[in-house]
Amino acid sequence: MYRQQSLITLDQFYEWKPFSKLEALLSFIDYTLLDEYFKPDSHRRGPKGYSKKQLFNTLISMQIEQFSDIKSLVTRLKSDLVFQRSLGYDYFENTPSEATLNRFIKTLAESDILEKTF
């Protein structure tokens, strides 16, 4: 059986395609306050977790794409590589679970970072 060679890679396709509505809206967000509030622990051992910017973009995309619940968002994130890449995740990288997103929502609700950002 012969295997057909690809003409372009997935990265080349992503570079050539026009911005989606989601990517265009995410490009206008200023993340400086988010980076100041969630400073990374460089001394911490073990898994570092997801970038707060990626998690924030994931929650914003839930509103833009009009997902009814987090479960449908996670399902789309795991199945659609272009959607995954537009939110800042690498191809075939583990994506956050429902529990991770719920913990991040709880952290955001306990802080005033959203009021300051928007």
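Which residues in H4 meet which residues in H5? I would like to come back to that in a moment, after saying what kind of model we have on the screen.

This is a predicted model, in which local features need pLDDT of at least 70 and side-chain atom pairs count only at pLDDT 80 or more, while totals for chains, interfaces and linings use all residues. Residues are numbered from 1 along each chain as its sequence is written, and side-chain values use heavy atoms, with hydrogens and water left out.

Let me begin with the whole chain. Its secondary structure comes to eight helices and zero strands, where helices (H or I, at least four residues) and strands (E, at least two) are DSSP runs numbered from the N terminus. Read along the sequence, the pattern is therefore written as α-α-α-α-α-α-α-α. Of the 118 residues, 31% count as buried, and here buried means under 20% relative accessible area, exposed means over 50%, and partly exposed lies in between, all with a 1.4 Å probe and protein chains only. If we take the contacts between residues at least 6 apart in sequence, 63% of them join residues at least 24 apart, with contact meaning heavy atoms within 4.5 Å.

Now to the opening question. In H4, Thr-58, Ser-61 and Met-62 meet Ile-70, Leu-73 and Leu-77 in H5. By class, this contact has four nonpolar, two polar and no charged residues; in this scheme Ala, Val, Leu, Ile, Met, Phe, Trp, Tyr, Cys and Pro count as nonpolar, Asp, Glu, Lys and Arg as charged, and the others, Gly among them, as polar. H4 covers residues 52-64 and H5 covers residues 70-79, and their axes come within 11 Å and cross at roughly 110°. Those axes are lines fitted to C-alpha atoms, for helices over the stretch in contact, and the angles run from 0 to 180 degrees between N-to-C directions. H4 and H5 are therefore roughly perpendicular to each other, given that angles under 35 degrees count as roughly parallel, over 145 as roughly antiparallel, 65 to 115 as roughly perpendicular and the rest as oblique. H4 passes H5 in a right-handed crossing, and a crossing is called right-handed if the near helix is turned clockwise from the far one by less than a right angle, and left-handed if anticlockwise.

Let us move on to helix H7. H4 and H7 pack at an angle of about 95°, with their axes 11 Å apart, and that makes H4 roughly perpendicular to H7. From H4, Lys-52, Leu-55, Phe-56, Thr-58 and Leu-59 meet Thr-100, Leu-101, Phe-104, Ile-105 and Leu-108 in H7, and by class this contact has seven nonpolar, two polar and one charged residues.

The axes of H5 and H7 come within 10 Å and cross at roughly 125°, and these two helices are therefore oblique to each other. Their crossing is right-handed. Here Ile-70, Lys-71, Leu-73 and Val-74 in H5 meet Glu-98, Leu-101, Asn-102 and Ile-105 in H7, a contact with five nonpolar, one polar and two charged residues.

What about the nonpolar core? A nonpolar core is a set of buried Ala, Val, Leu, Ile, Met, Phe, Trp, Tyr and Cys residues joined through side-chain atoms within 4.5 Å. The largest one has 23 residues, of which Phe-56, Phe-83, Leu-87, Leu-101, Phe-104 and Leu-108 touch the most other members. Helix H2 (21-26), H4, H5 and helix H7 (98-110) each supply at least two residues of this core, and its largest share, five residues, comes from H4. Leaving aside its neighbours within four places in sequence, Leu-87 is in contact with Leu-22, Leu-26, Gln-54, Asn-57, Thr-58, Ser-61 and Leu-77.

I will finish with two residues that touch each other. Apart from neighbours within four places in sequence, Ser-61 is in contact with Leu-22, Gln-66, Phe-67, Leu-73, Phe-83 and Leu-87. Gln-66, by contrast, is found in the loop between H4 and H5 and counts as exposed, at 69% relative accessibility. Gln-66 also has a positive phi of about 60°, although it is not a glycine.
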